[in-house]
Amino acid sequence: MTLIDNRLDGIDNDEGLDELEDEAITIIREVAAETRAPVLLFSGGKDSAVLLHLAAKAFRPGNLPFPVMHVDTGHNFDEVIDYRDRLVKEYNVRLVVASVQASIDAGRVVEETGPRASRNRLQSVTLLDAIAEHQFDAAFGGGRRDEDKARAKERILSFRDRFGQWEPRAQRPEPWNMLNAKIRTGEHLRAFPLSNWTELDIWRYIAREEVPLPSIYYSHRRVVIERNGMLLSVGGPVVAEPGEVPFEETVRYRTVGDASCTGAVRSTAANVHDVIAEVAAARITERGATRADDNFSDSAMEDRKREGYF
Amino acid sequence: MVLRIATAGSVDDGKSTLIGRLLHDTKTVFEDQLASVEKASLRYGDGSLNLALLTDGLRAEREQGITIDVAYRYFATPRRTFVVADTPGHAQYTRNMVTGASVSDVAIVLVDARNGLTEQTRRHLFVASLLGVKQVMLAVNKMDLVDFSRDRYDEIVAAATAHATALPAPVTLNPLPISALLGDNVVDPSDNMPWFTGRPLLEQLETLELDDDQNIGARLSVQWVIRPYSTEHHDYRGLAGRLTGGTLAIGDRVRVLPGAQQSTIVGIDRGGVPQETAEPGEAVSIQLADDIDVSRGDVLVTVAAPKPPVVADQIVADVSWMVDKPLEVGSRWIIKHLTRTAKAFVSAIETRHDVVTAAQHSTERLELNDLGRVHLNVSVPLVVDLYDDHRPGGAAILVDEATGMTCAALMIRGFDGIDA
């Protein structure tokens, strides 16, 4: 019995997807009903695309009763911004953009310097500022428990104190998945309707529902450098250091984040079905393969979550 | 079908190691996760690969070598998909055992073969029973440390079987001897224990059959009323919620509880797509023939329901108390039941359950991690089921108005003031 056999077995059908969809829609409706001003965090990545698709379905034929927020690092892949704007029109939702550049200009955060500088960590401050400015009391995110060992401990509704911090020891129990959305002024909630989905579930759902994605999720030619075993796109925020020779490669992205620290993988998967086969056979989790920031230390994700990261 | 598993054991019984073993031996562990565990094993141990570090994700857990919080893990074999809630063993985290058990079909209770049945083991069996988890895999672990002794194993199984008779509700014990560390009887049969003729743990989990939910009649607790107000859907009024208890079809006559109104179903949508019927578990939007007053918290129930819910504002419930502040007679809380939020007043504490001896003790208060039976007066009528009849309608939580913290899990056992 091999991993590939295990994973490929469930691919040809949509087994389990209905149950995951029903659960996610139930969570989305419940949080919308129990909070005053929720918002959906949209990164342009596949998880937030699925989240937006589910949220739209939850209230059909009505409109989405809350806005969508993009935390814009300014280091975006062009394709992602075009895609975001197209989706906003398609789903007929209100878009709020929170800008990391604005946070830098206002002196709220200081830009990292050096060839390996990234704006990824700065997003937390911009996000918390935007939540305060718009008085959002709940933010839907596309986080999944299978992504990271700290996320595996996250509740569906994650409570954040007045400083936006996550305290893993003081999490609210969720017996029978019953959600308690009670908060005090200044506190807020993060809601994770995709908690029980795996990366493969996400891709199978994208295939079944024909959820549109940015083109960089599928194979294309790109000029990259190889750094710490990761392929980073050159031009834009990533600058080749001495000894790093840019070369052209056929790649795709498994996650879409800040362009400075999101790596591509060598792939010829040109469509969603190719990607499913590839993901099913993959031996490296998506964050391990493509996120430089999580590899800093064993607890990198936990530390950023405590600071208010999504 | 997905099998939901809760694992429980005392500190150091080897729960995390067992789950790590299941993930590892079913090839669910990815190369980078394994590399990270190898790195961490060097820092936090004797250098040998520590599979527990696969699930102990928080820094404090790695440092102390314990599990603090519930971790959810997913793995699949060609036969079945599994969700594992790994719940901590120490007494102060028993609330997590309750949480894990509340959403599980089966519990794996670990016993250290050297220590035998401990107070914690008895507590875990009690919690499984109270929460309605009817199948328990009794995994007698660390058999390698007792020379794979059959006598020792038989002794522990006999003690557990005797204890099971005293539990509040019957559970089926499925005992087996394992070594999570070495892998004996986890995924592969054990060469060290030829005297054990049962199948390994994973195979038992793959083939475990669960009782079908009985058909008690469809109910839908309204979460949200969809009113598009658009030209195209000007008169659309959808009652959105998740169906439980039975199937629902267009043309079915329904009651809107807690009131007395009735109407007929004329439309069922799921994700905006019309369908003729709806099955339990589906998140749907229901349209009724009549323009009657229905809002969030109301419950639609088929008139033909074989076992309809009860409308009650005085309930008797078993409670798992989850916070430092005690539950006392006369204290007030927020109660959340289905999609209804109301206020609740503790009119009496009937008993505190002794989870070790299963005896009953009278008490004035319930403290953190206590289990007991209480009587509550609720500010509005609730549409409730008995927990054993129907988990969704028989479960509730209490919330502290001052802190917002979830304080208790409730399992409804009866009603005061009415004959149910």
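Predicted model: local features only at pLDDT ≥ 70, side-chain atom pairs only at ≥ 80, totals over all residues.
Does Val146(B) count as buried, partly exposed or exposed, and how many C-beta neighbours does Val146(B) have inside 10 Å? Val146(B) counts as partly exposed, with 18 C-beta neighbours inside 10 Å. For this label, a residue is buried if 20 or more other C-beta atoms lie within 10 Å of its own, exposed if 12 or fewer, and partly exposed in between, with C-beta atoms placed from the backbone.

Residues are numbered from 1 along each chain as its sequence is written, and chains are lettered from A and ligands numbered from 1 in the order in which they are written.

## The two chains

Chain A has ten helices and ten strands, and chain B has eight helices and 25 strands. Here helices (H or I, at least four residues) and strands (E, at least two) are DSSP runs, numbered from the N terminus. Of the 310 residues in chain A, 54% are buried; of the 420 residues in chain B, the buried share is 50%. Two residues are in contact if their C-beta atoms, placed from the backbone, lie within 7 Å. Among contacts with a separation of 6 or more, residues 24 or more positions apart account for 76% in chain A and for 69% in chain B.

## Around Val146(B) and its neighbour

Val146(B) sits in the loop between S5 and H6 of chain B. Its C-alpha atom is separated by 6.5 Å from that of Arg114(B), 32 residues apart along the chain. Not counting residues up to four places away in sequence, Val146(B) touches Ala113(B), Arg114(B) and Arg152(B).

Asp147(B) is found in the loop between strand S5 (135-141) and helix H6 (150-164) of chain B. Asp147(B) counts as exposed, with 10 C-beta neighbours inside 10 Å. Its backbone deserves a look, too: phi is positive, about 55°, although Asp147(B) is not a glycine.

## Backbone exceptions

Most residues other than glycine have a negative phi, and most peptide bonds are trans. Here are some places in this model to inspect.

| Site | Feature | Value |
|---|---|---|
| Arg60(A) to Pro61(A) | cis peptide bond | omega near 0° |
| Leu257(B) to Pro258(B) | cis peptide bond | omega near 10° |
| Asn185(B) | positive phi | phi near 60° |
| Gln135(A) | positive phi | phi near 55° |

Pro61(A) lies in the loop between helix H3 (46-58) and strand S2 (68-72) of chain A. Pro258(B) lies in the loop between strand S11 (253-257) and strand S12 (261-270) of chain B. Asn185(B) is found between strand S6 (172-177) and helix H7 (201-207) of chain B, in a loop, and is buried, with 27 other C-beta atoms within 10 Å. Gln135(A) follows H6(A), a helix of residues 123-133 whose buried residues include Leu127(A), Leu128(A) and Ile131(A).

## Helices and their surroundings

In helix H8 (residues 272-281) of chain A, the buried residues are Val275(A), Ile276(A) and Ala280(A). They cover an arc of only 130° around the axis, which puts them on the same side of H8(A); the arc is that of the directions from the helix axis to the C-beta atoms.

H4(B) gives another picture: nine of its nine residues are buried, so H4(B) is largely enclosed by the rest of the structure. Its cover includes strand S1 (2-8), strand S3 (81-86), strand S4 (106-112), H5, strand S17 (310-321) and strand S25 (406-415) of chain B. In the contact with H5(B), Thr94(B), Met97(B), Val98(B) and Ala101(B) of H4(B) meet Arg123(B), His124(B), Val127(B) and Ala128(B).

## The nonpolar core

A nonpolar core is a set of buried Ala, Val, Leu, Ile, Met, Phe, Trp, Tyr and Cys residues joined through C-beta atoms within 7 Å. The largest such core has 184 residues, of which Ala139(B) and Leu410(B) touch the most other members. Leaving aside neighbours within four places in sequence, Ala139(B) is in contact with Leu18(B), Ile108(B), Val109(B), Leu110(B), Leu176(B), Ile178(B) and Leu201(B).
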